[in-house]
Amino acid sequence: MRDFCAALIQLGSGADPVPSLARAAELTREALAHGAELVVLPENFWAVAPPGLDRRPWAVDLGALGPGGDLRGDPPPVLRPFLSLSHEYPAAVLILGGLPELPPSGEPGKFYNTLVALFGGRVVAVYRKIHRFDATLPDGSRASESDVILAGETPHVLAAPFGKIGLSICYDLRFPELYRALSAAGAEILVVPSAFTLLTGIDHWEPLLRARAIENQAYVLAPAQYGPHGHGRHSFGHSLAVDPWGAVIAQVSRGEGMALTWLRADLLQRVRSDLPALTHRRLHGVTPAEVVTLSADETSA
């Protein structure tokens with residue numbers, strides 16, 4: 001890794017993809033104009049879809065990618081403005097934090113929630129969200145991402161010119177084994193584009209992000225959706241950048257906006273050399289835990 005400037009984009013995307021995409025592209029351009037080499041957009045940057053929204057007109061078919069990451073034919077609307085910016089700023093990496101992708105199986109009504117990385121006007125990495133958010137929230141409302149979203153299977157690390165980036169999306173944050181896999185593959189920067197709900201974000205967002213940074217001794221970049229989205233959905237916001245020691249080094253305040261932060265290679269190296277926890281690991285892969293069961297005889301002894 002070398003020193004570089006990264007940008008977190010915070011959005012309050014609505015149900016209509018047209019203005020949502022325009023605002024996302026506007027803030028991305030602003031970040032690039034300020035010198036960001038890595039720009040990370042939140043999950044659902046294209047729109048926070050209300051129940052029943054037809055995603056098909058906005059879904060991408062990544063099976064149409066050429067061998068070099070070039071798209072055949074006209075780029076889909078959800079990618080078009082960002083591919084244009086990627087051509088204009090070819091040295092920057094743009095991470096689009098979660099968009100609908102048509103599955104190769106063609107399963108009707110189902111999509112992947114897919115992160116797409118752009119570099120030099122090309123698609124250079126694709127990550128399909130592995131963990132889907134199915135939960136009952138503290139207010140009694142129910143989220144069921146698996147009704148529409150198919151689960152991905154494969155962790156991915158993108159080796160960019162400035163460092164190795166581990167890819168994840170939102171609910172993945174609750175599964176530390178994913179980040180261990182990314183760390184073991186050399187990740188120095190972990191991206192977590194998100195749309196954390198207000199009720200879970202209040203208590204869990206920052207502690208989880210700082211934990212992933214500390215335990216993997218890596219930078220964490222977590223752009224987020226913010227505020228009410230117009231159909232009963234409210235996102236927590238508080239987009240954060242965390243350093244490898246677990247300190248918050250940048251945060252976006254309320255509303256839409258961005259934060260620029262400088263990621264330092266010397267800090268990463270110092271944390272990993274002074275406290276070389278990653279080299280002290282002894283439980284690798286799928287090492288099973290030993291289960292000790294107490295018997296009734298022992299409790300009565």
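View 1. Asn 44 is buried, with a relative accessible area of 14%, where buried means under 20% relative accessible area, exposed over 50% and partly exposed in between (1.4 Å probe, protein chains only). The residue sits in the loop between strand S2 (38–40) and H2, helices (H or I, at least four residues) and strands (E, at least two) being DSSP runs numbered from the N terminus. Phi of Asn 44 is near 60 degrees, a positive value in a residue other than glycine. The model shown here and in the other views is predicted, so that local features need pLDDT of at least 70 and side-chain atom pairs count only at pLDDT 80 or more, while totals for chains, interfaces and linings use all residues. Residues are numbered from 1 along each chain as its sequence is written, and side-chain values use heavy atoms, with hydrogens and water left out.

**View 2. Ala 47 in the loop between S2 and H2.** Ala 47 counts as buried, at 0% relative accessibility. Leaving aside neighbours within four places in sequence, Ala 47 is in contact (heavy atoms within 4.5 Å) with Ser 13, Gly 14, Ala 15, Asp 16, Pro 17 and Ser 20. Gly 69 is 22 residues away from Ala 47 in sequence, and their C-alpha atoms are 24 Å apart in space.

**View 3. Ser 86 in helix H2 (residues 80–88).** With 0% relative accessibility, Ser 86 counts as buried. When residues up to four places away in sequence are not counted, Ser 86 touches Leu 94, Leu 118, Phe 119, Gly 120, Gly 121 and Arg 122. From C-alpha to C-alpha, Ser 86 and Arg 29 are 9.7 Å apart in space, although 57 residues apart in sequence.

**View 4. Arg 132 in the loop between strand S5 (122–128) and strand S6 (134–136).** Arg 132 is partly exposed, its relative accessible area being 31%. Not counting residues up to four places away in sequence, Arg 132 touches Glu 145, Ser 146, Ile 149, Leu 150, Ala 151 and Tyr 171. The C-alpha atoms of Arg 132 and Leu 182, which are 50 residues apart along the chain, are separated by 19 Å.

**View 5. Gln 217 in the loop between helix H4 (198–216) and strand S12 (219–222).** Gln 217 is buried, with a relative accessible area of 3%. Although Gln 217 is not a glycine, its phi is positive, at about 45 degrees.

**View 6. The protein as the setting of the close-ups.** The protein has six helices and 17 strands. Its radius of gyration (taken over C-alpha atoms) is 20 Å, close to the 19 Å that the globule rule (2.2 Å times the number of residues to the power 0.38) gives for 301 residues, so the protein is as compact as a globular protein of that length. Of these 301 residues, 51% count as buried, and among contacts between residues at least 6 apart in sequence, 69% join residues at least 24 apart. The UniProt annotation "domain: CN hydrolase", from an unreviewed entry, covers residues 4–269; such annotations may be inferred rather than shown by experiment. Over residues 4–269 the chain is 22% helix and 30% strand, and the end C-alpha atoms are 15 Å apart.
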